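Good morning, everyone, and thank you for making the time.

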Amino acid sequence: TSFGLVLTADTFRYNLFTGGATLTNVRLAAKAHEAQPFFTAARVRADLPLAAYAGSLILDDVAVEGGRVEVLTDADGVSNLPGDDADEEPPATPRTLALRGLHLDDFTFLYDDRSRPLRIAATGIDAALDHRAIHLFEGITGPFAVRGGVDVQLGERALRVDPIDSRLAFDGSTVSMQDLPLSLHLSQ
């Protein structure tokens, strides 16, 4: 693809009447790192509005079950993300995605950079973000939780963030969170 990505799934179902697509056992990887996908999920469902068929990358709602994002960098600084080719020019126009709903169930995020070393893991992420247009805000907002907490390891130091239960808003470029009490534990 022109995005430098490889998307694979065991099954793909599309409902012509509702515009909904469902994929199971999903894997998304950079072409250069197909063996190390940066996104996997047991199931992904997305609703595609008519504008999506005219070439716009718009999703009315995305639901991800058992999803996992793994950003991995080896000791030599090589990442599993797309765009790791230093000789490749970045796109002239930034790619955008209009997301009008996001529902996550038991999502995991892992960032593991062996060149530093730095490791960040967040588990049990749940979100129910829906489109809202209120006053000056237009974007997605709703409950957001990290039920398993966040663990950060930087060399010999470790930081533990207890489970988070908050509200999140995203307007396409800015993320904001409300009601975010944090409980941190630092160890060396």
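Among contacts between residues at least 6 apart in sequence, 48% join residues at least 24 apart, where contact means heavy atoms within 4.5 Å. Before I go further, please keep in mind that this is a predicted model, in which local features need pLDDT of at least 70 and side-chain atom pairs count only at pLDDT 80 or more, whereas totals for chains, interfaces and linings use all residues. Residues are numbered from 1 along each chain as its sequence is written, and side-chain values use heavy atoms, with hydrogens and water left out.

The chain has zero helices and 16 strands; both are DSSP runs numbered from the N terminus, helices being H or I over at least four residues and strands being E over at least two. Of its 188 residues, 33% count as buried, which is to say under 20% relative accessible area, with exposed meaning over 50% and partly exposed in between, for a 1.4 Å probe and protein chains only.

Leaving aside neighbours within four places in sequence, V64 is in contact with residues including F39, A41, L104 and F107.

Now to the strand pairing, for which DSSP must find at least two bridges between two strands. β11 and β14 pair in the antiparallel sense over seven bridges, and V146 stands opposite I164 in β14. β14 also pairs with β15 (residues 175-178), again antiparallel, over four bridges, and here R167 stands opposite Q178. These two strands, β14 and β15, form a hairpin with four residues between them, and G172 in the turn has a positive phi of about 105°.

What, then, of the charged pairs? A search of the whole structure finds nine salt bridges, each being a side-chain nitrogen of Lys or Arg within 4 Å of a carboxyl oxygen of Asp or Glu. In one of them the side chains of D10 and R27 meet at 3.8 Å, N to O, and this pair links distant parts of the chain, with D10 in the loop between β1 (5-8) and β2 (11-15) and R27 in strand β3, 17 residues apart. D10 is exposed, with a relative accessible area of 53%, whereas R27 is partly exposed at 26%.

D61 forms a salt bridge with R45, the closest N and O atoms being 3.3 Å apart. D61 lies in strand β6 and R45 in strand β4, so the pair ties together parts that are 16 residues apart in sequence. D61 is buried at 13% relative accessible area, and R45 counts as partly exposed at 23%. R45, D47 and D61 are linked in a network of salt bridges.

Finally, the side chains of D112 and R114 meet in a salt bridge at 3.1 Å, N to O; D112 counts as buried at 10% relative accessibility, while R114 is exposed, with a relative accessible area of 58%.
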